[in-house]
Amino acid sequence: MRRETTAELTEAQFHRYARHLILDEVGEEGQERLLQSRALVVGAGGLGSPLLLYLAAAGVGTLGIIDHDRVDLTNLQRQIVHATARIGMLKVESAREAVAAVNPEIRVETHAAAFTAANAPSILAGYDIVADGSDNFRTRYLLSDACLAARKPLVAAALAPFDGQLSTFKPYLGAGHPCYRCLFREAPPEDMVPRCSTAGILGAVAGVLGTLQAVEVLKELLGIGESLSGTLLMYDALRADFQRIRIPKDPACPSCGTG
Ligand SMILES: [Zn+2]
């Protein structure tokens, strides 16, 4: 993920990213790395909204956005990248406008399509890291397998009405690095899974998890701190409680196992 950085920061960039530049953990080198980074956000919804806004604000130079949906009035209770005036617009285009308003120097690549096994390899090939903000198990398992095959780090979050989970998956690194299937082998049947669209959610809970995802994406891109790979972070909003559990790598995992 690290590349030679040759680009010099402009005067405006020195001001825009001043609070990053004074950090030893980021600095000029880290900021230049972020500006050259390419992150893919799958889903411009409740998780994707804070993800896109914070990654754009942080100066992640290229943001890919996949979403086939259009902005609906019921989305606005939690999907803060969209706006009332943009109801009916493709979510990827609405998100592009929001990103440009925060930071016009970010390149936005829109994919107004569903993520499928057929288009996954070619889309993933263009990015350094992937953030899963999807709301369905089909996409979640597809992303897990496709990111493993493409050897791309995957920062994934999932939501329930008052809680959420977060982890980073880098199973291609081997021992100590499980994949999503090591944690949950198979997807539950479709009709057993309530989605935000039907089950309801306290909107700000999506904001907490999407913001945590943005932090983990930035850490992975910068190579700082402790990666969440091998750990599941769980947030319980009603109890205002965080818990961490270790996720063991499953030697018999159908996706990343060696057995
Ligand atoms: Zn696995």
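**Close-up views of a predicted model**

**View 1. The largest cavity.** The largest cavity holds about 60 Å³ of space. The model is predicted: local features need pLDDT of at least 70, side-chain atom pairs count only at pLDDT 80 or more, and totals for chains, interfaces and linings use all residues. Residues are numbered from 1 along each chain as its sequence is written, and side-chain values use heavy atoms, without hydrogens and water. A cavity is a set of points, on a 1 Å grid over the protein atoms alone, where a 1.4 Å probe fits but cannot get out; a pocket is an open set with protein on both sides within 12 Å along at least five of seven lines; lining residues have an atom within 4 Å of a point. Points are joined across faces, edges and corners, and a volume is the space filled by probe spheres set on them. By this rule there are 2 cavities of 30 Å³ or more. The lining of the largest cavity is formed by Arg140, Ala156, Ala157, Ala158, Gln165, Leu166, Ser167, Phe169, Tyr180, Leu183 and Leu232. Two or more of these residues come from each of β5 (154-160), β6 and α8. The largest share, 4 residues, belongs to β6. Helices (H or I, at least four residues) and strands (E, at least two) are DSSP runs, numbered from the N terminus.

**View 2. The zinc site.** Cys179 (SG), Cys182 (SG), Cys253 (SG) and Cys256 (SG) are the protein donors of the zinc ion, lying 2.3 Å from it. Donors are N, O and S atoms within 2.8 Å of the metal (3.2 Å for Na, K and Ca); water is not among the atoms, so sites may look incomplete. Along the chain, the donors follow the spacing C-x2-C-x70-C-x2-C. The 4 donor atoms subtend angles of 95 to 123 degrees, so the arrangement is tetrahedral. Cys179 and Cys182 are both buried. Buried means under 20% relative accessible area, exposed over 50%, partly exposed in between (1.4 Å probe, protein chains only).

**View 3. Lys170 and its partners.** Lys170 sits in the loop between β6 (163-169) and α8 (180-183). Its relative accessibility is 13%, so Lys170 counts as buried. The side chains of Lys170 and Glu220 are joined by a polar contact of 2.8 Å. Such a contact is a pair of N or O atoms within 3.5 Å; within protein, one must be able to donate a hydrogen and the other to accept it, and residues adjacent in sequence count only if both atoms are side-chain atoms. Leaving aside neighbours within four places in sequence, Lys170 is in contact with Pro153, His177, Pro178, Glu220, Ser227 and Ser229. Contact means heavy atoms within 4.5 Å.

**View 4. Helix α4.** In α4 (residues 48-58), 8 of the 11 residues are buried, so this helix is largely enclosed by the rest of the structure. Among the buried residues are Leu51, Leu52 and Leu55. Gly59 follows α4 and has a positive phi, near 90 degrees.

**View 5. The second largest pocket.** This pocket has a volume of about 160 Å³. Residues in its lining include His20, Leu23, Val215 and Ile224. Helix α10 (residues 203-222) gives the most to the lining, with 4 residues.

**View 6. Two loop residues with positive phi.** Arg151, a residue other than glycine, has a positive phi near 55 degrees. Arg151 lies in the loop between α7 (137-150) and β5. Its relative accessible area is 53%, so Arg151 is exposed. Ala240 also has a positive phi, near 50 degrees. The loop between β7 (231-236) and β8 (241-246) holds Ala240. With a relative accessible area of 65%, Ala240 is exposed.

Definitions and conventions:
Four donors count as tetrahedral if all angles lie between 85 and 135 degrees; four count as square planar and six as octahedral if opposite donors are over 155 degrees apart and all others between 65 and 115; anything else is irregular.
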